[in-house]
Amino acid sequence: MTEVSLPPDDGDPPDDDFQLINKAGDAERHDHGIPLAVLAELTHRCPLQCPYCSNPLELESASNELGTADWLRVIEELAEIGVLQIHFSGGEPTVRKDLVQLVAKATECGLYSNLITSAVMLDRAKLAALAEAGLKHVQISFQGAESGVADRVGGFRNGHAKKLAVAGWTRELDLPLTVNAVMHRQNLHQLPDIIEMAYELGAARIEVANVQYYGWALKNRQSLMPSPGQVDDCVRVVEEARARLEGQMEIDFVIPDYYALRPKQCMGGWGRQFFNISPAGKVLPCHAAETITDLRFDSVRDHSLAWIWEHSPAFNTYRGTGWMPDPCKSCEFKEVDFGGCRCQAYALTGNAGNTDPACAKSPLHADIFALAEAESLGDQNRFVYRNFSGGLEEVE
């Protein structure tokens with residue numbers, strides 16, 4: 001396989017069906033501007049056990065989650081500092097009994113709201129209530145094109161059938177639908193069928209997002225890493241589908257970092273446009289930031305969002321380009337990809353300030369490409385499932 005050099009993207013694309021509007025003006029040319037969107041991780045509780053889950057290995061208990069009053073205050077603060085979009089996520093956000101109330105508050109504050117869901121806990125009445133509260137968009141994750149693969153990957157019996165039903169209700173309620181298809185060695189052979197499934201469901205958009213390896217995915221890397229041939233096939237399938245479905249369905253595409261020549265502009269650059277709020281109220285530059293264990297993240301329980309956005313040491317540590325070592329600081333792309341993924345640099349080198357090994361200029365790049373190729377050709381097919389109880393379950 002020839003390594004792929006793609007135009008930089010956000011790595012984790014914005015989860016909505018319209019273009020982000022940047023109101024930061026001239027501030028955008030500095031280290032950061034006004035935050036545009038927030039991922040509100042309401043809970044880590046989830047009935048699915050996906051082995052690539054982006055939640056941390058140490059899951060937050062329900063007893064430590066922000067309460068309704070805290071979230072209502074946070075939503076008001078988001079609007080005050082200029083945020084335009086709120087993406088309700090988890091875990092599985094529909095386990096929260098106050099979700100309709102939170103969506104209604106976002107609507108009241110003028111925020112575009114998106115639900116990122118596994119869908120397996122939704123019924124039509126709850127979805128209709130969310131639509132009535134002002135929900136603007138639904139994103140449903142799919143683990144395969146049919147129940148055999150999908151339910152094994154998700155670790156949830158009959159989950160695929162439920163997802164199909166909720167996708168149908170979403171369109172019946174005239175809500176825009178995005179299909180999120182997280183791809184890896186165990187399901188890439190189904191990619192053509194997954195794209196066709198998304199089209200038949202009436203999705204305006206599909207995210208073909210190859211697994212990125214941190215957290216649970218890093219623990220399961222040997223079972224998830226696609227082969228070079230699979231990645232080549234994936235690129236071909238996406239290009240053909242884009243040509244065939246142009247103007248009918250948007251296809252976002254994220255290749256595995258280990259096979260790229262250049263790093264992604266992860267989250268638009270560390271602390272520049274987006275942030276996450278964890279179930280416990282920690283404010284993070286990205287959803288995996290807590291994997292960098294030598295950073296301390298401030299909480300909405302202790303500070304206002306305005307203070308955290310401007311003054312949090314964790315946000316300012318890797319903002320802009322001043323922190324960069326060579327080869328990043330002398331690279332012509334430093335204000336394009338902003339050094340790539342700090343979490344990946346930490347996971348693979350032990351230092352979040354190092355060059356992202358996904359970049360061809362990293363001295364470790366050849367090693368991670370070789371590692372990916374070797375692991376992809378192995379016969380490891382067991383998953384360490386994400387398990388909220390804290391146990392680890394391995395299944396063939």
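This is a short chat about a few parts of a predicted model.

Reader: Let's start with strand β5. Is it buried or exposed?
Author: Strand β5, residues 177–183, is mostly covered, with seven of its seven residues buried.

Reader: And which residues point which way from β5?
Author: L177, V179, A181 and M183 point one way, while T178, N180 and V182 point the other way, and all are buried.

Reader: OK, which strand does β5 pair with over five bridges?
Author: That's β4, residues 137–142, which pairs with β5 in the parallel sense. S141 has N180 of β5 as its bridge partner.

Reader: How many bridges join β5 to β6?
Author: Six, and β5 and β6 (residues 205–210) run parallel. In β6, V208 is the bridge partner of A181.

Reader: Switching to helices. At what angle do α6 and α9 pack?
Author: Helix α6 (residues 191–200) and helix α9 (residues 228–244) pack at about 30°, and their axes are 10 Å apart. Angles under 35 degrees count as roughly parallel, so α6 and α9 are roughly parallel to each other. The crossing of α6 past α9 is right-handed.

Reader: Which residues meet there?
Author: From α6 you have L191, P192, I195 and E196, and they meet C234, V237, V238, A241 and R244 in α9. The residues of this contact split into seven nonpolar, no polar and two charged.

Reader: Last one, N276. Where is it, and is it buried or exposed?
Author: N276 is in strand β8, residues 274–277. N276 counts as buried because its relative accessibility is 0%.

Reader: What is N276 in contact with?
Author: Leaving aside neighbours within four places in sequence, N276 is in contact with L39, E41, M267, K282, V283, L284, C286 and H287.

Key. Residues are numbered from 1 along each chain as its sequence is written. This is a predicted model: local features need pLDDT of at least 70, side-chain atom pairs count only at pLDDT 80 or more; totals for chains, interfaces and linings use all residues. Side-chain values use heavy atoms; hydrogens and water are left out. Axes are lines fitted to C-alpha atoms, for helices over the stretch in contact, and angles run from 0 to 180 degrees between N-to-C directions. Helices (H or I, at least four residues) and strands (E, at least two) are DSSP runs, numbered from the N terminus. Angles under 35 degrees count as roughly parallel, over 145 as roughly antiparallel, 65 to 115 as roughly perpendicular and the rest as oblique. A crossing is left-handed if the near helix is turned anticlockwise from the far one by less than a right angle, and right-handed if clockwise. Contact means heavy atoms within 4.5 Å. Ala, Val, Leu, Ile, Met, Phe, Trp, Tyr, Cys and Pro count as nonpolar, Asp, Glu, Lys and Arg as charged, and the others, Gly among them, as polar. Buried means under 20% relative accessible area, exposed over 50%, partly exposed in between (1.4 Å probe, protein chains only). Two strands pair if DSSP finds at least two bridges between them.
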